[in-house]
Amino acid sequence: ICVLGHVDHGKTKILDKLRRTNVQEGEVGGITQQIGATNVPAEAIANQTKMVKSFVVEDLKFPGLLIIDTPGHESFSNLRNRGSSLCDMAILVVDITQGLEPQTIESIGLLKKRKTPFIVALNKVDRSVAYLLLLQPMFYS
């Protein structure tokens with residue numbers, strides 16, 4: 001699984017939450033500057049999904065997941081290209097307060113070119129809701 005998107009849309013931060021790590025804090029300027037990889041073994045997936053009644057651990061037909069974190073800064077187009085070439089599926093992270101930025105559009109193009117299935121993860125939704133709540137009085141006064 002490759003994680004793609006524009007700079008500062010929260011790709012590494014989401015992975016930090018899943019891994020219970022703090023990789024993003026160690027990045028220069030908080031910006032990923034290299035491809036990162038995280039191995040998630042099947043046992044960890046089974047353990048984290050045990051509360052899902054319809055999930056059958058025995059149905060897992062893979063040894064786990066390799067999650068590839070790509071940088072979003074415009075300077076690292078070659079690394080996004082490389083990362084997207086390695087994946088069977090992708091997660092496209094979009095900051096809902098910013099929308100489709102240039103590297104997001106570039107990432108969509110890379111995935112479409114390779115016919116890689118992907119899902120869109122809308123990030124920073126909490127900020128969007130807070131923003132709308134602040135604007136609401138302007139519209140209803």
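Strands β1 and β3 pair in the parallel sense, joined by two bridges. At this pairing, Val3 stands opposite Asp69 in β3. Strands here are DSSP runs of E with at least two residues, helices are runs of H or I with at least four residues, and both are numbered from the N terminus. Two strands count as paired if DSSP finds at least two bridges between them.

A few words on the basis of this report. The model is predicted, so local features need pLDDT of at least 70 and side-chain atom pairs count only at pLDDT 80 or more, while totals for chains, interfaces and linings use all residues. Residues are numbered from 1 along each chain as its sequence is written, and side-chain values use heavy atoms, with hydrogens and water left out.

**The overall plan**

The protein has six helices and five strands. Read from the N terminus, the elements follow the pattern β-α-α-β-α-β-α-β-α-β-α. Of the 141 residues of the protein, 35% count as buried; buried means under 20% relative accessible area, exposed means over 50%, and partly exposed lies in between (1.4 Å probe, protein chains only). Among contacts (heavy atoms within 4.5 Å) between residues at least 6 apart in sequence, 75% join residues at least 24 apart. The accessible surface of the protein is about 9,300 Å², and carbon and sulfur atoms hold 59% of that area. Accessible areas come from the Shrake-Rupley method with a 1.4 Å probe, and for residues only the protein chains shown count as cover.

**Walking across the sheet**

The five strands form an open sheet in the order β2-β3-β1-β4-β5, with mixed pairing. At its edges are β2 (36–41) and β5 (118–123), each of which pairs on one side only. Neighbouring strands of this sheet are turned by 25 degrees against each other on average, direction ignored. Axes are lines fitted to C-alpha atoms, for helices over the stretch in contact, and angles run from 0 to 180 degrees between N-to-C directions.

Strand β2 runs antiparallel to β3 (residues 64–69), and six bridges join the two.

Helix α4 (residues 77–85) lies across β1 (2–5) and β3, running at about 145 degrees to β1.

How is strand β4 placed in the structure? Five of its six residues are buried, so β4 is largely enclosed by the rest of the structure. Asp95 in β4 (residues 90–95) is linked to Lys124 in the loop between β5 and α6 (125–139), a pair that connects distant parts of the chain, 29 residues apart. Their side chains meet in a salt bridge at 3.5 Å, N to O. The rule asks for a side-chain nitrogen of Lys or Arg within 4 Å of a carboxyl oxygen of Asp or Glu, and by this rule the count comes to one salt bridge.

**At the surface**

Ile96, Phe118, Val120, Leu122 and Val125 make up a nonpolar surface patch with about 390 Å² of accessible area together. Patches are made of residues with over 30% relative accessible area and no salt bridge; like charges are joined within 9 Å, and nonpolar side chains (Val, Leu, Ile, Met, Phe, Trp, Tyr) within 5 Å. Strand β5 gives the largest share of this patch, three residues, and Leu122 has its place in that strand.

Lys115 sits in the loop between α5 (102–113) and β5. Although Lys115 is not a glycine, it has a positive phi of about 55 degrees.

| Residue | Relative accessible area | Class |
|---|---|---|
| Asp95 | 4% | buried |
| Lys124 | 13% | buried |
| Leu122 | 51% | exposed |
| Lys115 | 75% | exposed |
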